[in-house]
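Please look over the model shown below.

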Amino acid sequence: MAELQSNEAVALSPNDSAVIKTLEMYQAIITRMAGNSAACKQWCIPLVTVILAFAVKESKAQLIPLTLIPLLICYLLDAYYLMLENRFRAGFQKAAAKVAEGTFKQQDLFQLLPAGSRRGLFWKACTSPATWPVYLGSLALLLTSFKLTVGSCWHV
């Protein structure tokens with residue numbers, strides 16, 4: 001047991017394969033979160049567009065508010081994934097700093113911990129140029145479609 005404790009206290013080399021693998025695992029998580037964030041946009045834009053196109057074509061203004069549901073869900077999911085991505089980036093930076101300082105120990109291996117405030121980073125993600133322009137644009141499209149549909153209903 002004493003041998004194990006003394007091994008855990010020894011700093012690992014930056015070239016150690018386990019250290020490199022730990023940092024690669026962080027990168028994989030960050031890449032996956034970025035992909036999930038992009039997938040939210042890839043699903044939201046066509047889904048909202050199809051609902052709006054149908055509502056405008058059929059002059060059914062009551063269907064347009066339904067687009068708020070996928071729009072809001074995708075926006076919140078997108079912001080959530082961006083928040084997680086930022087937290088894991090902060091965790092990666094902490095681990096990389098330990099490696100650079102020579103203080104990365106065996107007990108740090110495969111401890112893939114997100115860092116940073118959830119609430120603060122979620123708000124930052126909600127107001128990030130990576131999220132809000134897409135959803136604000138979709139909301140503008142929704143409002144324009146509603147105006148077009150309501151206007152065409154009154155002229156029939």
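**Briefing**

Arg 89 and Glu 85 both sit in helix α3 (residues 68–101), four residues apart, about one turn of the helix. Helices here are DSSP runs of H or I of at least four residues, strands are runs of E of at least two, and both are numbered from the N terminus. The model is predicted: local features need pLDDT of at least 70, side-chain atom pairs count only at pLDDT 80 or more, and totals for chains, interfaces and linings use all residues. Residues are numbered from 1 along each chain as its sequence is written, and side-chain values use heavy atoms, with hydrogens and water left out.

**Salt bridges**

- The side chains of Arg 89 and Glu 85 form a salt bridge at 2.6 Å, N to O. The term means a side-chain nitrogen of Lys or Arg within 4 Å of a carboxyl oxygen of Asp or Glu.
- Arg 89 is partly exposed at 37% relative accessibility. Glu 85 is buried at 8%. Buried means under 20% relative accessible area, exposed means over 50%, and partly exposed is in between (1.4 Å probe, protein chains only).
- Asp 108 and Lys 98 also meet in a salt bridge, at 3.0 Å, N to O. This pair links distant parts of the chain: Asp 108 is in the loop between α3 and α4 (118–126), Lys 98 is in helix α3, and they are 10 residues apart.
- Asp 108 counts as buried, at 15% relative accessibility. Lys 98 is partly exposed, with a relative accessible area of 32%.
- Glu 24 and Lys 21 pair at 4.0 Å, N to O, in a salt bridge. Both lie in helix α2 (residues 17–57), three residues apart, about one turn of the helix.
- Glu 24 is partly exposed at 44% relative accessible area. Lys 21 is partly exposed at 43%.
- The count of salt bridges comes to five.
- Side chains of opposite charge can pair when their charged atoms come close.

- Arg 87 belongs to helix α3.
- Leaving aside neighbours within four places in sequence, Arg 87 is in contact with Pro 114, Ala 115, Gly 116, Arg 118 and Leu 121. Contact means heavy atoms within 4.5 Å.

**Overall form**

- The chain has five helices and zero strands. Along the sequence the pattern is α-α-α-α-α.
- The radius of gyration is 23 Å, well over the 15 Å that the globule rule gives for 156 residues, so the chain is more spread out than a compact globule. This radius is taken over C-alpha atoms, and the rule is 2.2 Å times the number of residues to the power 0.38.
- The C-alpha trace spans about 85 × 25 × 25 Å along its principal axes.
- Of the 156 residues, 30% are buried.
- Among contacts between residues at least 6 apart in sequence, 85% join residues at least 24 apart.

**Surface and charge**

- The chain exposes about 9700 Å², and carbon and sulfur atoms supply 67% of it. Areas come from the Shrake-Rupley method with a 1.4 Å probe; for residues, only the protein chains shown count as cover.
- There are 14 positive and 9 negative side chains, and the centres of the two sets lie 15 Å apart. Lys and Arg count as positive and Asp and Glu as negative; His and the chain ends are not counted. The place of a charge is NZ of Lys, CZ of Arg, CG of Asp or CD of Glu.

**Loop residues**

- Phe 110 lies in the loop between α3 and α4. Its phi is near 60 degrees, a positive value in a residue other than glycine. Most residues other than glycine have a negative phi.
- Phe 110 is partly exposed, at 42% relative accessible area.
- Gln 107 lies in the loop between α3 and α4. Gln 107 and Pro 65 are 42 residues apart in sequence and 52 Å apart in space, C-alpha to C-alpha.
- Ala 11 is placed in the loop between α1 (2–8) and α2. Not counting residues up to four places away in sequence, Ala 11 touches Gly 102, Thr 103, Phe 104 and Lys 105.
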